[in-house]
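Subject: Structure handover

Hello,

Here is the structure I promised to pass on. Please open it next to this email, and my notes follow below.

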Amino acid sequence: MNASTSLKVRLPVLVLVLEVVILALYAAFVTYDDNANAKFQNNETNPMENSLYRDYPYFADVQVMIFIGFGCLLAFFRFYGFSGMVFNFLTATFAIQWAILMQGFFQFYYDGKIHLGVINLLNAEFACAVVLISFGAVLGKTSPVQLLVMAMLEVPVFAVTEWAVLKYIRINDAGGTILIHLFACYFGLGVTFVLYRPSLNDGHAKEVTSYHSDILSVMGTLFLWVFWPSFNSALTFKGDDQHRAILHTFIGLSSSTITAFALSAVFNKRGKLTMADIQNVTLAGGVTVGASVDMMISPAAAYALGIMGCTACFFGYKYLTPFLAKHMRIQDQCGIHNLHGLTGLISSTAGICAILLATEETYGPSMYQIFSHRAPPEGDPKLLELQALIPGLKPGLGRTAQEQALFQLAAIFSTIAASTVGGLLTGLVMKMSFMASPSDEDCFDDELFFDVPSDFDKNPLSFDEKIQMSSENSKV
């Protein structure tokens with residue numbers, strides 16, 4: 001390791017500064033919410049009604065996705081397994097504690113304090129997922145210092161965008177299609193556009209996988225696959241809405257999975273399966289059903305969305321990723337534009353269609369709970385009628401289906417714009433010389449930042465051998 005990439009001073013100093021800032025902000029602003037505060041518990045309090053028992057199972061499931069699912073999935077490079085998993089661990093841990101503050105100031109701040117409960121941790125994990133998705137665009141080409149800086153800048157931009165969209169535009173986005181997947185995708189593409197490396201367009205000698213790294217990566221896929229229904233349903237209304245969200249997510253994932261296997265075999269030159277397709281394309285259905293996951297779209301529609309998302313994702317990896325790298329200076333290392341961007345746009349469109357087709361005949365009076373912004377405003381006689389049927393129904397904005405669809409569209413464009421600008425500016429900061437950025441030659445190499453064990457393979461395939469292997473496995 002040369003002086004320009006040494007972590008000896010850079011990483012400890014950055015971590016120390018971040019910890020001092022976070023500790024000071026926690027001390028000044030963070031306290032317990034009512035469910036975690038002993039002062040509010042008495043002999044009339046039923047412990048089993050504590051929000052912990054409602055929120056913790058979802059928090060635990062998303063924890064598995066963040067630390068094991070993403071970690072294993074990003075360890076697919078033969079010589080970058082340490083970095084893929086460990087940088088994911090480092091970045092995720094910081095992003096969550098930072099998001100507790102950033103989201104807390106916008107969503108959980110009152111009486112001069114951020115009130116902390118398990119629901120804060122769950123929301124922070126969604127913000128962390130945004131950072132990890134963006135990380136996929138620059139995998140193998142960044143230092144841990146750069147990744148911490150990216151998380152430090154991305155989380156506030158995400159928190160502000162999330163707050164503005166939910167407070168002022170007011171949309172339906174139960175599965176986080178717009179605010180998580182689209183935001184993360186275009187933020188990551190903005191970063192990688194600025195960090196463009198022309199010499200990597202033709203490949204890199206260590207940009208290869210191995211038998212064991214592919215097995216580890218597909219284990220990450222399986223963890224994400226299994227827990228994705230929890231991810232999509234965690235923040236939906238409890239009851240039938242959450243029930244539908246779990247059903248639709250499982251059905252969408254199932255259809256995208258078998259479609260991925262079929263497409264992989266058909267488009268492989270030798271009629272075999274390609275591990276990269278299994279690792280990524282199988283997950284497309286989980287994203288594609290996200291925007292309409294709690295709506296009455298029907299199981300058949302969820303199944304169709306899984307197929308559509310998988311197909312778009314598959315051909316995106318095959319054609320769009322190389323095009324973006326060659327013609328638009330966007331080197332999308334993990335193909336996040338395919339798994340989160342294209343599928344996110346399909347999902348958003350499906351959500352708009354579901355909103356336009358929603359009627360009281362299909363939903364009953366609960367339509368105004370699912371589409372809360374269509375509920376009658378305060379003072380409307382119809383609101384009192386609906387509240388008699390659905391106790392606790394809150395006044396809405398009285399929007400029509402067409403008006404709500406337009407607001408959904410506005411949220412899509414505003415989120416993409418905010419995330420792209422944020423990504424470009426973050427990329428400029430990450431490009432500064434003191435960020436320990438690896439050279440082109442040292443990309444995709446654990447040895448640059450880790451003490452590697454004695455059995456670490458230091459003799460990768462030659463570039464010609466890599467090209468030959470790639471040619472043998474290529475798709476028609």
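How far apart do the axes of α4 and α6 come, and at what angle do they cross? They come within 8 Å and cross at roughly 35°; axes here are lines fitted to C-alpha atoms, for helices over the stretch in contact, and angles run from 0 to 180 degrees between N-to-C directions. Before the rest, a word on sources: this is a predicted model, in which local features need pLDDT of at least 70 and side-chain atom pairs count only at pLDDT 80 or more, while totals for chains, interfaces and linings use all residues. Residues are numbered from 1 along each chain as its sequence is written, and side-chain values use heavy atoms, with hydrogens and water left out.

**Helix pairs**

Helices are DSSP runs (H or I, at least four residues), numbered from the N terminus. The crossing of α4 and α6 is right-handed, a label for a near helix turned clockwise from the far one by less than a right angle. On the α4 side, F126, V130, I133 and S134 make the contact (heavy atoms within 4.5 Å). Their partners in α6 include L179, F183, A184 and F187. This contact holds 9 nonpolar, 3 polar and no charged residues. In that count, Ala, Val, Leu, Ile, Met, Phe, Trp, Tyr, Cys and Pro are nonpolar, Asp, Glu, Lys and Arg are charged, and the others, Gly among them, are polar.

α6 also packs against α5, at an angle of about 140° and with the axes 11 Å apart. The two are therefore oblique to each other (angles under 35 degrees count as roughly parallel, over 145 as roughly antiparallel, 65 to 115 as roughly perpendicular and the rest as oblique). Their crossing is right-handed. Among the residues of α5 that meet α6 are M150, F158 and L166, and L179, F183 and V191 are among those that α6 supplies. By class, the contact has 10 nonpolar, 1 polar and 2 charged residues.

On to α3 and α5, which pack at about 30° with their axes 9 Å apart. That makes α3 roughly parallel to α5, and the crossing is again right-handed. The α3 side includes F87, F94, W98 and F106, and the α5 side includes P144, L148, F158 and W163. The contact has 19 nonpolar, 3 polar and 1 charged residues.

**Pocket and cavity**

The second largest pocket holds about 1300 Å³ of space. Of its 39 lining residues, the closest to its centre are L166, I171, L235, T236 and F237. α2, α3, α4, α5, α6 and α14 each supply at least two residues of the lining. The lining divides into 19 nonpolar, 12 polar and 8 charged residues.

A search of the whole structure finds 1 cavity of 30 Å³ or more. The largest cavity holds about 40 Å³, and its lining includes Y80, P438, D442 and F449. That lining has 6 nonpolar, 2 polar and 2 charged residues.

For both terms, a 1 Å grid over the protein atoms alone is used: a cavity is a set of points where a 1.4 Å probe fits but cannot get out, a pocket is an open set with protein on both sides within 12 Å along at least five of seven lines, and lining residues have an atom within 4 Å of a point. Points are joined across faces, edges and corners, and a volume is the space filled by probe spheres set on them.

Best wishes
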